[in-house]
Amino acid sequence: MLDYSLLYPMTTPTRCSMKLDGMWKFSLDWQGEGEKLGWSKGVPGRDMIPVPASFQDFYTEKAIREYTGDMWYETDITIPVFMRGSDVFIRFGAATHRAWVYLNGELVGEHEGGFLPFLVDITDKAVCGELNRLVVRVNNELNETNIPCGRTIRLENGRKMSKPYFDFYNYSGLQRSVHLIAVPKNSITDVDLSYEIGEGEARINYSVSQKGKGDVSLKLYDEDGKLVSEAFGASGYMCVENPHLWRVRDAYLYTLEITLSNGNEVLDMYPLEIGIRTVEIKGTEILLNGSPIYLKGFGKHEDSDIVGRGFNIGVMKRDFELMKWIGANSFRTSHYPYDEEIYRMADREGFLIIDEVPAVGLFESLVNFLDAGTGKGAKSFFSKPTTPILLKAHLRAVEEMIVRDKNHPSVIAWSLLNEPESTDENSVPYFTEVFNLARALDPQKRPRTFAMESNSSTTRCRCHHLSDFISLNRYYGWYILGGYEITDAEERFKKEMDDWAALNLNKPFVFTEYGADTMPSEHKLPSVMWSQEYQCEVLEMLHRVFDSYSFVKGEQIWNFADFQTTEGLMRVNGNKKGVFTRQRQPKDAAFLLKKRWESLPLDYKREK
Ligand code: CKX
């Protein structure tokens, strides 16, 4: 159970939320002695860095970019006197991968897990009306007891180096906004919502959690600000006549105003934008509001020039414009939950999200994504002495993600692992716990899945029975039989799909990854691998196969844009499977996809 509220930070008549973003003092802790030297009271040096941002790509020295270890941030904040009498918190959108927080030299909180928010209660420590020094020690080391998994090695020169078991750069630091928030002593802490849609009416089931006393009441306003329903009491339901449903690329948001009061006195007020919609799986259909949908879109990353994985509101806007232009309707938050602004935008724009927890790199191999791609066998990742610690961190991240994201209409499914080693019997109890927790925590009981690489085949995967729909990451024509062998790749792919069909799982399949690395500079006729022409040929081949299996109900290409990875023989300054470049300009494949996706109806492959 989380001991703080993960409601999105807002200023309301009863609450105050102030962004602490800007330039913070910054120092890398090369010798790992900041703690001993008292940096918790004040960070040495004069260097300053933007928050939010990854620290890596600002500097010109490679040793700084590749730095692994502790880094220290500091800012001085005036805590307004009007916050006296409230519960006061510092809320971190994310600190990658772990953080210790000090206020005026005193440790006030810590958190592990680099992609979800956490709050530090400073009510009794904050000196209202004065400057308070906020210092944060962030550590970006990878290990096998936290997600995402990796290793930290030491070079001969004594420096540490990150060895991710995953294919994205280990960007780190304070990558999302930091807020100072004040909430009343008696406050709304959470709300669970689920929907039932009937003829001319919708029912919103709700349950509000609170701290302290107060009576709960709720008012629902439509987009014109008209009151459409009311309810009283901490749990129950509200009815909406002729509801305007939230639909794919046709969103409609109501505002649910939750009030906590004592007679006429309003103790707390929190407004939440909600969309009335249902999601379920029936046979091989994915149903939104009872109607079949076909997913078209991307696996993405939070990744851009200079700020790395730091949230960038301009990049977010451009990405949504490009997704609209190309005719997409969905994306997976590969391989970690994204900044909350992105879900708010998806709610507004009517995009569907498969929300993924940062469980990536859970595969026993040094370069796991490569071995995985070729279907090589593997030992068990889930039978190590450290597995119980890893599972605890994983469960905690699932809880934080679902508590944070459960009320977004855009979120239609939970992806609980990416390309794990699901082939060993020890994976079964591990996965079962993760899947059960997701089901227990989600009031809307959304479908759960995990993205499976080639090794997780029909005969070898022991865990696909847990998925409500099957997510396949497949690289026929790239890691498997690329180039002139593409015709064999197509046959091999069809053979695999026939094997899945023979299992008669009666579940929808979604391709959560497929594609080919492509250098935007390369054109070649006839094509060669890495050329723009080849990317298009691979897609045409894969689309033919997708189209010939009725249970395939979605395609999310890897990747939306080129992105940074660790340097190496397989990567040309990053992964180049983007449909767009890292600067968000189209490759040829973007036009091919636009033509296809604009022509596929939302209920493509609807069963009669
Ligand atoms: N899937 C065979 C996970 C992604 C990688 C992608 C790739 C792999 C492929 C696994 O994080 O970027 O290699 O392009």
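Q: Hi! Which loop holds Pro52?
A: Pro52 sits in the loop between strand 3 (48-51) and helix 1 (62-65). Keep in mind that we are looking at a predicted model.

Q: Which side chain makes a polar contact with the side chain of His335?
A: The side chain of Glu356 does, at 2.8 Å. The Glu356 side chain makes a polar contact with the side chain of Arg332 too, at 2.7 Å.

Q: Where is Glu356, then? And is Glu356 buried or exposed?
A: Glu356 is part of strand 25, residues 352-356. With a relative accessible area of 0%, Glu356 counts as buried.

Q: What does Glu356 touch, leaving out residues up to four places away in sequence?
A: The list runs through Arg332, Thr333, Ser334, His335, Tyr336 and Pro337, then Met401, Ser415, Leu417 and Asn418.

Q: Nice. Changing topic: how does the length of helix 2 compare with what one expects?
A: The two agree: 14 residues at 1.5 Å a residue should span 20 Å, and the end C-alpha atoms of helix 2 are 20 Å apart.

Q: Which residues of helix 2 are buried?
A: Those are Met316, Asp319, Phe320, Leu322, Met323 and Ile326.

Q: Where do they fall around the axis of helix 2?
A: Looking down the axis, the buried residues of helix 2 stay within an arc of 160°, so they line one face of the helix. As background, an α-helix has 3.6 residues a turn, so residues three or four places apart point the same way.

Q: And what do the buried residues of helix 2 pack against?
A: Their partners are strand 23 (295-299), strand 24 (330-332), helix 3 (340-349) and helix 9.

Q: How about the two ends of helix 2? What happens at the start?
A: There, a side-chain oxygen of Asn312 comes within 2.9 Å of the backbone nitrogen of Gly314. Past the other end, helix 2 is followed by Gly327, which has a positive phi near 90°.

Q: You mentioned helix 9. How many residues does helix 9 have, and how far does it reach?
A: Helix 9 has 12 residues and reaches 18 Å from its first C-alpha to its last, close to the 16 Å expected at 1.5 Å a residue.

Q: Which residues of helix 9 are buried, and what do they pack against?
A: Ala589, Ala590, Leu592, Leu593, Lys594, Arg596 and Trp597 are the buried ones. They pack against strand 23, helix 2, helix 8 (532-547) and strand 30 (552-558).

Q: On to rings. How many aromatic pairs are there?
A: The count comes to 41 aromatic pairs. One of them is Trp325 with Phe591, an edge-to-face pair with 5.5 Å from centre to centre and 90° between the planes.

Q: Which elements does that pair link?
A: Trp325 lies in helix 2 (residues 313-326) and Phe591 in helix 9 (residues 588-599), so this pair links distant parts of the chain, 266 residues apart.

Q: How accessible are Trp325 and Phe591?
A: Trp325 has 29% relative accessibility, so it counts as partly exposed. Phe591 has 45% and is likewise partly exposed.

Q: Which residues do ring pairs link into a cluster?
A: One cluster is made up of Trp24, Phe26, Trp30, Phe55, Tyr67 and Tyr73.

Q: And which ring face does Arg203 lie over?
A: Arg203 lies over the face of Tyr237, 3.6 Å from the ring centre. Arg344 lies over the face of Tyr8, at 3.8 Å from the ring centre.

Q: Where are they, and is each one buried or exposed?
A: Asn289 lies in the loop between strand 21 (285-288) and strand 22 (291-292). At 19% relative accessibility, Asn289 counts as buried. Asn506 lies in the loop between helix 7 (486-503) and strand 29 (509-513), and at 54% relative accessibility Asn506 counts as exposed.

Technical notes: Residues are numbered from 1 along each chain as its sequence is written. This is a predicted model: local features need pLDDT of at least 70, side-chain atom pairs count only at pLDDT 80 or more; totals for chains, interfaces and linings use all residues. Side-chain values use heavy atoms; hydrogens and water are left out. Rings of Phe, Tyr and Trp (its six-membered ring) pair if their centres lie within 6.5 Å; planes under 30 degrees apart count as stacked, over 60 as edge-to-face and the rest as tilted. Helices (H or I, at least four residues) and strands (E, at least two) are DSSP runs, numbered from the N terminus. Buried means under 20% relative accessible area, exposed over 50%, partly exposed in between (1.4 Å probe, protein chains only). A charge sits over a ring if NZ of Lys or CZ of Arg is within 6 Å of the ring centre and within 35 degrees of the ring normal. The expected span of a helix is 1.5 Å times one less than its number of residues. The arc is that of the directions from the helix axis to the C-beta atoms. Contact means heavy atoms within 4.5 Å. A polar contact is a pair of N or O atoms within 3.5 Å; within protein, one must be able to donate a hydrogen and the other to accept it, and residues adjacent in sequence count only if both atoms are side-chain atoms.
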